[in-house]
Amino acid sequence: MGKLSKYFAVVSVALLIVLAVSPMKDFFREWKGYQYAYNQLIAKLPQRVKPAEIGIKQIWVQKLDRVDRCETCHLGLKEDALINAKEPYRTHPRIHHDIQEFGCTMCHGGQGVATEYKESVGNVKFWAQPMLPGAFIESSCGKCHKEQNVPEAPVLNEGRKLVQESNCVACHKIEGYQKQWVPSLDGIGSKVNRTWLVNWLKNPKQYFSGTKMPNFLLSDEDADNLADFLMTFTAIPNNSQFSPLPASKKFSSDTQKAKLIDKGSTLFGEARCISCHSINGKGGYVATELGKVTSKVNAQWLYNYIKEPKVFMPDVPMPRYRFTEDDLASVVEYMQSEFVDYDMQQLPPHTPDPASYEKGLAIFKKNNCAGCHQLQAVTGFSELGPDLTYIGSKKAYEIDFGNTKIEQTLPSYLKAKVLTPRIFSATAKMPKFGFSDEQATAVTVALLSNASEIIPEEYIVRPKPSAHFVPQGQFGKLVKDLECQSCHVMNGTGRLVATDLSMEASQAQPQWIKAYFKIPYSLRPTLTERMPNFFLSQTEINVLGDYIGNVFVVDSLNRTIRTDAALVSEGRGLYYERYGCQSCHMIGGKGGYVGPPLDKVGSRLEPGWIFHWLKDPEAFRPQSIEPDNKLTDHEADALTAFLTTLR
Amino acid sequence: MFSRCAGPNSHPTERTAAKDSVSIKDSATSQSTSTQAVNLTYEQQQGKILYTKYCSVCHGEQGKGDGFNAYNLDPKPRDFTDPRAMAGIDDATLLATITEGGKGVNKSPLMPAWGGRMNKMEIEYVIEYVKDVERQH
């Protein structure tokens with residue numbers, strides 16, 4: 001009996017010790033240390049800060065099915081006094097969203113339920129969504145915000161813009177992006193010369209630094225074969241023919257040539273090609289560089305192309321100028337005298353490989369050129385890249401890091417891949433885009449925002465459904481011909497480089513609109529992009545002006561403005577002395593350069609529109625920086641009265 | 001098992017004691033870029049975007065009061081990098097000036113009132129950035 005009771009005593013004590021382990025573990029928790037230290041820290045502060053109760057703190061976000069215990073150690077999140085404290089006690093930066101409503105891990109990733117340092121921070125093993133490094137934080141905004149310009153998320157917006165412009169969808173399936181227009185390759189053999197083409201294929205950015213075409217890192221042999229393959233396509237699209245160059249191009253003397261070039265230069269300036277095309281790096285950014293264009297294309301192609309752009313390059317968003325044949329010849333002559341590449345690299349003499357067509361076709365298919373460029377002769381399967389629809393949720397352990405030494409996380413992988421695509425595998429085909437470090441970060445942020453997380457619909461901000469207004473009839477034909485929507489928006493469709501025309505007739509006076517087509521003078525001297533002169537006939541101007549005058553009207557913008565002397569004088573006082581409008585606008589040569597000069601605004605704009613614009617500029621043009629002075633109706637009336645007297 | 005009461009000092013963070021930055025210096029690359037944005041906090045970065053949009057045209061890209069629009073202005077826009085010009089200007093003054101414009105603080109009406117375009121949080125972001133510009137000089 002004694003032995004049994006001895007055993008019983010030993011086992012009882014052992015049981016007590018074992019039972020004590022759990023409460024002891026709980027007593028000596030890591031986070032308690034942080035909380036005690038926090039209370040000591042705030043005791044030393046001059047401001048009064050409420051001490052933390054010792055205990056786990058969590059935010060339970062029911063709708064997002066998350067429990068985040070970060071606040072257990074990060075106690076100073078809502079205390080302004082701790083703005084300069086060391087982590088983990090520092091104040092959270094002011095942000096738009098309430099931490100209680102969203103929790104922490106929704107934006108930061110990481111293991112929310114963890115209460116130990118090593119299980120929260122960094123690359124926690126096998127946790128599907130490790131904490132995001134600070135540089136990529138905006139990708140979390142993108143998980144809910146699918147609209148075009150996410151407020152307070154500039155890196156995300158820049159990244160999405162880059163993904164759209166770089167045409168990633170040509171090879172990768174990604175949701176939310178559309179294919180960009182890219183020049184088709186039909187008829188390229190009649191357009192470019194072979195030397196230019198080989199140089200271009202080897203390094204596109206050398207000819208045009210702003211090109212979106214990436215570098216496919218082709219070997220010299222591959223570039224030669226691909227160029228030979230492409231140069232075989234000489235048939236012009238739609239079975240069209242080249243018109244011959246006009247006789248005026250054949251001149252008999254140097255002075256005649258100089259006159260022709262002079263005329264061409266003037267017309268080139270009036271046509272404002274530089275609004276869309278860059279010339280030696282200066283100018284618009286939406287079309288190709290023209291600085292060396294006559295070393296790329298032959299004169300006959302250039303003449304025919306400017307004459308009828310959509311025949312030679314289907315669907316190109318270039319307007320058709322109404323040049324006479326002789327005028328256009330002079331423009332081409334001017335371009336041939338100026339836009340030459342004097343340093344074009346000449347190639348060694350080359351005999352085409354007899355199998356160059358097959359080899360070139362294989363290279364064409366391997367690199368998926370048809371993903372961007374249309375080439376009617378090439379059909380059949382082309383190789384594509386992986387589907388990126390849910391790339392933001394890819395698990396780090398599923399990625400092959402090859403022989404590289406980068407940190408093994410998803411953001412690091414994506415950024416490195418975007419910067420130097422072929423470092424992870426010798427057989428990779430992705431071309432090099434030449435992004436800068438910041439651009440690569442932005443693209444990574446945009447890609448990371450495509451996650452497979454299921455988020456409740458009420459959290460998601462969808463892009464506005466894009467209106468698709470296609471003008472009809474004679475007006476519609478002119479709009480398509482002149483590509484107005486490359487710079488203007490009409491009823492929600494188009495690109496907003498210039499103005500939104502949807503309310504143009506309520507904004508500008510009708511006689512001004514028609515006169516503007518004839519002489520599109522510059523309204524805002526500081527802008528690069530200016531309205532070109534299309535050399536339209538009066539009939540065409542009437543069609544455009546009449547349609548705009550009758551259709552692009554918004555009745556609610558009408559307003560009768562009294563112009564008695566007292567109101568005008570009060571308006572003048574408000575303009576100069578109260579609101580200082582002269583800081584950005586010029587009248588009579590005095591004032592600032594930011595907004596358009598207002599010298600003749602009374603004969604240009606409709607009074608009702610001026611009134612409504614002054615009351616809320618952002619509603620009419622969000623990118624304008626005109627202040628909203630919260631004017632009363634009377635003040636706006638007075639200012640409008642004053643402005644309408646300026647004729 | 002018996003983990004001692006750990007505290008903040010047992011886990012030295014990799015970052016410096018400087019403000020937690022939205023820095024481009026992340027783990028994928030070993031060198032940081034040489035752009036100005038390298039050491040700005042989140043609020044300062046947001047402020048810089050807003051500053052570039054609304055303020056730089058008069059106050060200059062570097063805050064020197066030499067934006068291209070400053071040419072015709074009299075008085076000239078304030079130079080944030082000049083300690084004498086910025087002496088005695090505290091956060092509350094900056095907030096009032098930006099929100100109500102020059103006229104609202106008995107100064108030149110040439111400074112517009114931005115309270116209608118930016119909310120208080122956005123103006124505070126801009127103030128953070130302007131203070132950073134001041135500090136750099």
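This is a predicted model: local features need pLDDT of at least 70, side-chain atom pairs count only at pLDDT 80 or more; totals for chains, interfaces and linings use all residues.

Colleague: Where is Gly159(A) placed, and which residues is Gly159(A) in contact with, leaving aside its neighbours within four places in sequence?

Modeller: Gly159(A) is in helix α7 of chain A. Helices (H or I, at least four residues) and strands (E, at least two) are DSSP runs, numbered from the N terminus. With contact taken as heavy atoms within 4.5 Å, the partners of Gly159(A) beyond those neighbours are Ala442(A), Val443(A) and Ala446(A). Thr441(A) is 282 residues away from Gly159(A) in sequence, yet the two C-alpha atoms are 7.7 Å apart.

Colleague: How do you know that the span of α7(A) agrees with its number of residues?

Modeller: The expected span of a helix is 1.5 Å times one less than its number of residues. For the 12 residues of α7(A) this gives 16 Å, and the end C-alpha atoms are 16 Å apart, so the two agree. Just after α7(A), Asn167(A) takes a positive phi of about 60 degrees.

Colleague: Which residues of α7(A) are buried, and what covers them?

Modeller: Leu156(A), Asn157(A), Gly159(A), Arg160(A), Leu162(A), Val163(A) and Gln164(A) are buried. Their cover includes α6 (138–144) and α17 of chain A.

Colleague: What makes α7(A) and α17(A) count as parallel, perpendicular or otherwise?

Modeller: Axes are lines fitted to C-alpha atoms, for helices over the stretch in contact, and angles run from 0 to 180 degrees between N-to-C directions. Angles under 35 degrees count as roughly parallel, over 145 as roughly antiparallel, 65 to 115 as roughly perpendicular and the rest as oblique. The axes of α7(A) (residues 154–165) and α17(A) come within 7 Å and cross at roughly 90 degrees, and the pair is therefore roughly perpendicular. Among the residues in this contact are Leu156(A), Gly159(A) and Val163(A) of α7(A), with Ala442(A), Val443(A) and Ala446(A) of α17(A). The contact has 8 nonpolar, 2 polar and 2 charged residues, where Ala, Val, Leu, Ile, Met, Phe, Trp, Tyr, Cys and Pro count as nonpolar, Asp, Glu, Lys and Arg as charged, and the others, Gly among them, as polar.

Colleague: What makes α22(A) and α26(A) roughly perpendicular to each other?

Modeller: The axes of α22(A) (residues 565–578) and α26(A) (residues 633–644) cross at roughly 100 degrees and come within 7 Å, and the helices are therefore roughly perpendicular. By class, this contact has 10 nonpolar, 2 polar and 5 charged residues.

Colleague: Why do Lys415(A) and Asp437(A) form a salt bridge?

Modeller: A salt bridge is a side-chain nitrogen of Lys or Arg within 4 Å of a carboxyl oxygen of Asp or Glu. The distance from N to O between Lys415(A) and Asp437(A) is 3.1 Å, which makes the pair a salt bridge. The pair links helix α16 (residues 410–419) with α17 (residues 437–448) of chain A, 22 residues apart. Lys415(A), at 0% relative accessible area, is buried, and Asp437(A), at 18%, is buried.

Colleague: What does the bridge between Asp481(A) and Arg322(A) tie together?

Modeller: The closest N and O atoms of this pair are 3.0 Å apart. Asp481(A) lies in helix α18 (residues 473–482) and Arg322(A) in the loop between α13 (309–312) and α14 (325–338), so the bridge ties together parts of chain A that are 159 residues apart in sequence. Arg322(A) counts as buried, at 16% relative accessibility.

Colleague: Why are Lys120(B) and Glu124(B) said to be about one helical turn apart?

Modeller: They stand 4 residues apart in helix α3 (residues 120–135) of chain B, hence the separation of about one helical turn. An α-helix has 3.6 residues a turn, so residues three or four places apart point the same way. The two form a salt bridge at 3.3 Å between the closest N and O atoms. Lys120(B), at 53% relative accessibility, counts as exposed.

Methods:
Residues are numbered from 1 along each chain as its sequence is written. Chains are lettered from A and ligands numbered from 1 in the order in which they are written. Side-chain values use heavy atoms; hydrogens and water are left out. Buried means under 20% relative accessible area, exposed over 50%, partly exposed in between (1.4 Å probe, protein chains only).
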